[in-house]
Amino acid sequence: MKTTIFLVSWVLIGSMIWGGTVEGAAPSQESTPASPTGEVITLKIEGWTCASCEKDIRRALLAVPGVNRAEVSYARGGVIVEIERGRVSNEQLVQAVASAGNILSSYRASVIPNGTLTAKAGEQGRGWNWFGNLFK
C-alpha cells in the first residue's frame, strides 16, 4: 500500500513539473470565441522565463478596467484576453503587461491575430526548457 501511494505521488509530482504532456503529442489549436458583449484580443508575451510568470501577467491584466478574463499560458507563449468592447485599447493591455515586470524580469507584449497562439511542438513538456529561456 505504501509503495503504491509513493509511486502515485511521484507520478503526480512529475506531471506537475514537466507539464503532464506526452512527448510528440500534436499541439492543440486555441479557440477564441468572442462573447456577445465582449471582444477577444490575443497577445504574444516575450521576456518571461517560466510558468510562474503567468500569475504576474494575469494579475496585471485583470487590474485593467474593462478586462473580463485573461487566459495566460506560458506553454503557448501568450495571453487570450476578453475585454468589454470599446472600453479597453490594445495599448492599455500592452502597458499592463509591461507593468507586471519586476527586478528579475521585464515582459513585452504584442497584439497578434486571434487563433494563432499554439503550443510549440517539441518544446511543450520539457523539464529543463525554462533554463534555456533564461538566455533568450
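At roughly what angle do the axes of helix 2 (residues 53-62) and helix 3 (residues 90-99) cross? They cross at roughly 135 degrees and come within 8 Å. The close-ups below start from the whole chain and then go back to that crossing.

This is a predicted model, in which local features need pLDDT of at least 70 and side-chain atom pairs count only at pLDDT 80 or more, while totals for chains, interfaces and linings use all residues. Residues are numbered from 1 along each chain as its sequence is written, and side-chain values use heavy atoms, with hydrogens and water left out.

**View 1. The overall layout.** The protein has 4 helices and 4 strands, running α-β-α-β-β-α-β-α along the sequence. Helices here are DSSP runs of H or I with at least four residues, strands are runs of E with at least two, and both are numbered from the N terminus. Of the 136 residues, 33% count as buried (under 20% relative accessible area; exposed is over 50%, partly exposed in between, with a 1.4 Å probe and protein chains only). Take the contacts (heavy atoms within 4.5 Å) between residues at least 6 apart in sequence: 68% of them join residues at least 24 apart.

**View 2. Helix 2 against helix 3.** With the axes taken as lines fitted to C-alpha atoms over the stretch in contact, and angles running from 0 to 180 degrees between N-to-C directions, the two helices are oblique to each other. Oblique is what remains once angles under 35 degrees (roughly parallel), over 145 (roughly antiparallel) and 65 to 115 (roughly perpendicular) are taken out. On the helix 2 side sit Ile-57, Ala-60 and Leu-61, meeting Leu-93, Ala-96, Val-97 and Ser-99 of helix 3.

**View 3. The aromatic pair.** Searching the whole structure turns up 1 aromatic pair (ring centres within 6.5 Å, using the six-membered ring of Trp; planes under 30 degrees apart are stacked, over 60 edge-to-face, the rest tilted). Trp-48 and Tyr-74 sit edge-to-face, 5.3 Å centre to centre with 75 degrees between the planes. Trp-48 is in the loop between strand 1 (38-46) and helix 2, and Tyr-74 in the loop between strand 2 (67-73) and strand 3 (78-84), so the pair ties together parts 26 residues apart in sequence. Trp-48 counts as buried at 7% relative accessibility, and Tyr-74 counts as buried at 16%.

**View 4. Around Asn-90.** Asn-90 is found in helix 3 and, at 36% relative accessibility, counts as partly exposed. Leaving aside residues up to four places away in sequence, Asn-90 touches Ile-41 and Val-111.
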